[in-house]
Amino acid sequence: MNSVRASNVSRRPRRVSRPRPVQPERNHQERDEDVPADMVAEESGPGAQNSPYQLRRKSLPKRTVCPTKTSMEGASTSTTENFGHRPKRPRVTGKCQDLPAAPAEQYLQEKLPDEVVLKVFSYLLEQDLCRAACVCKRFSELANDPILWKRLYMDVFEYTRPMMHPEAGKFYQINPEEYEQPNPWKESFQQLYKGAHVKPGFAEHFYSNPARYKGRDNMFYYDTIEDALGGGQEPHFDGLIFVHSGIYTDEWIYIESPITMIGAAPGKVAEKVIIENTRDSTFVFMEGSEDAYVGFMTIRFNPDDKSAQHHNAHHCLEITVNCSPIIDHCIIRSTCTVGSAVCVSGQGACPTIKNCNISDCENVGLYITDHAQGIYEDNEISNNALAGIWVKNHGNPIIRRNHIHHGRDVGVFTFDHGMGYFESCNIHRNRIAGFEVKAYANPTVVRCEIHHGQTGGIYVHEKGRGQFIENKIFANNFAGVWITSNSDPTIRGNAIFNGNQGGVYIFGDGRGLIEGNDIYGNALAGIQIRTNSCPIVRHNKIHDGQHGGIYVHEKGQGVIEENEVYSNTLAGVWVTTGSTPVLRRNRIHSGKQVGVYFYDNGHGVLEDNDIYNHMYSGVQIRTGSNPKIRRNKIWGGQNGGILVYNSGLGFIEDNEIFDNAMAGVWIKTDSNPTLRRNKIHDGRDGGICIFNGGRGLLEENDIFRNAQAGVLISTNSHPVLRKNRIFDGFAAGIEITNHATATLEGNQIFNNRFGGLFLASGVNVTMKDNRIMNNQDAIEKAVSRGQCLYKISSYTSYPMHDFYRCHTCNTTDRNAICVNCIKKCHQGHDVEFIRHDRFFCDCGAGTLSNPCTLAGEPTHDTDTLKKKN
């Protein structure tokens, strides 16, 4: 081929027909020359007249036999019978009968040692060996010896392991020791027998020695692949071409018929059969090649000029419209910087490419475009300069079990409406994302492993879509999944873990359905939503992250429902900077900090969630955040149920808040939430604590069975309490202290242990229509009985009453003494009334120098402060 193809206009290959030479009849002298030398010597020795080997020179006694076909035909022209499978014996009739064997014939068949027979058989070619197998049972066994057939097999095909060809388009090598049949060499010989062989320099030898190769009428030998492709007119040629060891350069290989071309070489076959082109695409499959097969060879495109200046895009393999060849066990390499190594293009292009190695190419490895399809299985695709696989313009391949790794760009890139079904692929250590989806591409990726990417795992952007189902996405340097710029993929049932940054990162107006994933162990948030993104996040497990669980910021949105978020290092859910997600029916628990954290103008809806067992509070609201928090169960917080502080807001309605270690709800530092119809109960501290300038509207709440005050209002706070029921508390109903004020309207305060309402010195309260009734009044009863108030409070609860200081006992402003201890224990001392407020008695606690005579045995408490403001 002397010209360079300048365009994609198809050109027919040059047809070179090699006429089959006439094979002359061998004369008697030639037959004698074919006899092995050791046999000839033995015949001429002493006793040669009586030797059974004289049968080679004599004709056997005539026997009456049934007519048979002559020469190489045997009993049948079928492939099976030509290869030594013994034909069914014809029924004996009156026209033919068997005669007893002559003594010499009997000696050959029965008494000649196996080693001698095998030596004789080693000089036979395959068809003579098959005929010998038809003589008798013993010859049949010996003629099927695997060693005989291995020698013949390797002489013809060169394979050091049998190449099985059980059906069209299927070839594979086996280990003979592991094969279930006794003679795989013969079986493979039978399957591969009719074929053309490309073996440079051997054709002349083959055709000039017809006697040597008598019986191989179904074999053809050529010096070039082009000649073999042009030999399709030969009789008996069934389209099978063996390309033997060597490097074949710049042949014009355009395939437009259903030929089968396979490498034939010892050892690793594909490494020793090399077909390369320096000027044009190495293989071009055209319409008509729908059942073609190419396998077990190296295919290279290696242009002298690697750039685009002197040629158009060419490829190692070019598969065009309406053809579906099989490419199997090939090594594919291209040094061209313009065209991909493999290009599949056009409607009806539907190849099967399997077990191939597409690596070290200077452009894309595999490129599927323009409505092309195909099946691509078990390939190794690595270290390509651009993507390992490109799918574009409605290309829709099926890609299974490929190993796509160490690419110098992205692993798989689908764009411009590219599609495809990717299953069980291992995609890792690519320089950019493992899988990129862009510009309306819509692939389906199932049960793949996408890991150790130098950037992210999956990158969906610019209106990309796709379905990513049941994949393992892990140990990527950036996020496991990136979704941005109006993209809307489905991410379902994946394990996304141990990323060096986040699990799923949705930003820049990203959308998507994130469903049923297991997201854990990532260095940053399990899911991050920002910059107007609005995904649906549901049924995921997001846990054991080194950062937070879900982080929504910079006006992020989304519906986050029915997830389980637990055991994360920071907050289970963060909502900040103008974000407005909806969090619904999630279980958020066992975090090492806060459950749900709204800050810096974080908003949104938090409803019907279970939020429990956090090291800090279940919910925190601060710095202008104003969420709607309703119908949640919030319990088990080590720092309270809900904490609203630093000018936090929020509507907190119809929640159940219970069993928290500190207050059910904290409101402080100029915060102003609205609490309605909540049940706040069984807290291990107070129900609601409002202090440090806290405000808020508390309306129609039930506050009961808390260990400290149902509502504590302190330090310049001013809430409004309206129509609440505060009852069955283990301390006071409402306590107001430290210059706080409050508006109390229509509340019911009853059956609390210490009493209903306690106001410290200097407190002014606006009250209207409250009902304070049936409280146990344990403080007043203790005072009237002359008991030390520490007796009913201990150092964990703080009754409100008059407290004093004793100068005689050198008490400080950190000490307080109840009225009964002043009268009894400090009688005659220099004492001073301080104020009416919350305290516990240091005298009864045993922290003063003089023992308390009212409290009994002291507790030896070492904390001398124990006052709560």
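In which loop does Asp769 lie? In this predicted model, for which local features require a pLDDT of at least 70 and side-chain atom pairs count only at pLDDT 80 or more, totals for chains, interfaces and linings use all residues. Residues are numbered from 1 along each chain as its sequence is written, and side-chain values use heavy atoms, with hydrogens and water left out. Asp769 lies in the loop between β71 (764–768) and β72 (771–773), where helices (H or I, at least four residues) and strands (E, at least two) are DSSP runs numbered from the N terminus. The phi of Asp769 is near 55°, a positive value in a residue other than glycine, and Asp769 is exposed, with a relative accessible area of 60%; buried means under 20% relative accessible area, exposed over 50%, and partly exposed in between (1.4 Å probe, protein chains only). A positive phi of about 55° is also found at Ser590, although Ser590 is not a glycine. Ser590 belongs to the loop between β48 (587–589) and β49 (596–599) and is partly exposed, at a relative accessible area of 29%. In general, most residues other than glycine have a negative phi.

The protein chain as a whole has 16 helices and 75 strands, and buried residues make up 54% of its 869 residues. Of the contacts (heavy atoms within 4.5 Å) between residues at least 6 apart in sequence, 52% join residues at least 24 apart. The chain averages a pLDDT of 86, and 85% of the residues score at least 70, pLDDT being the predictor's confidence in each residue, from 0 to 100. Over residues 1–98 pLDDT stays under 50, and for this stretch the model has 132 contacts beyond four places in sequence.

Strand β25 (residues 412–415) runs parallel to strand β28 (residues 435–438), to which three bridges join it, and Thr414 stands opposite Val437 of β28. Strand β28 is in turn joined by four bridges to strand β31 (residues 458–461), again in parallel, with Phe435 opposite Ile458 of β31. An antiparallel arrangement is found in an open sheet of three strands in the order β74-β73-β75, in which the edge strands β74 (817–818) and β75 (831–838) each pair on one side only. Strand β73 (residues 800–806) pairs with β75 over seven bridges, and the bridge partner of Asp802 in β75 is His836.

His428, in strand β27 (residues 426–428), is buried, with a relative accessible area of 8%; apart from neighbours within four places in sequence, His428 is in contact with His403, Ile404, His405, His406 and His451. Ile529, in strand β40 (residues 527–530), counts as buried at 0% relative accessibility. Residues up to four places away in sequence not being counted, Ile529 touches several residues, including Ile506, Pro535, Val537, Tyr551 and Ile560. Between Ile529 and Gly508, which are 21 residues apart in sequence, the C-alpha to C-alpha distance is 9.1 Å. Beyond four places in sequence, the contacts of Thr490 are with Gly466, Gln467, Phe468 and Leu513.

The structure holds three cavities of 30 Å³ or more, a cavity being a set of points, on a 1 Å grid over the protein atoms alone, where a 1.4 Å probe fits but cannot get out, with lining residues having an atom within 4 Å of a point. About 40 Å³ of space lies in the second largest cavity, a volume being the space filled by probe spheres set on the points. Its lining consists of 13 residues, of which Gly526, Ile542, His543, Gly545 and Asn568 lie nearest the centre, and the elements giving two or more residues to this lining are β39 (518–520) and β42 (541–543). By class, the lining has five nonpolar, eight polar and no charged residues, where Ala, Val, Leu, Ile, Met, Phe, Trp, Tyr, Cys and Pro count as nonpolar, Asp, Glu, Lys and Arg as charged, and the others, Gly among them, as polar.

Definitions and conventions. Two strands pair if DSSP finds at least two bridges between them. On a 1 Å grid over the protein atoms alone, a cavity is a set of points where a 1.4 Å probe fits but cannot get out, and a pocket is an open set with protein on both sides within 12 Å along at least five of seven lines; lining residues have an atom within 4 Å of a point.
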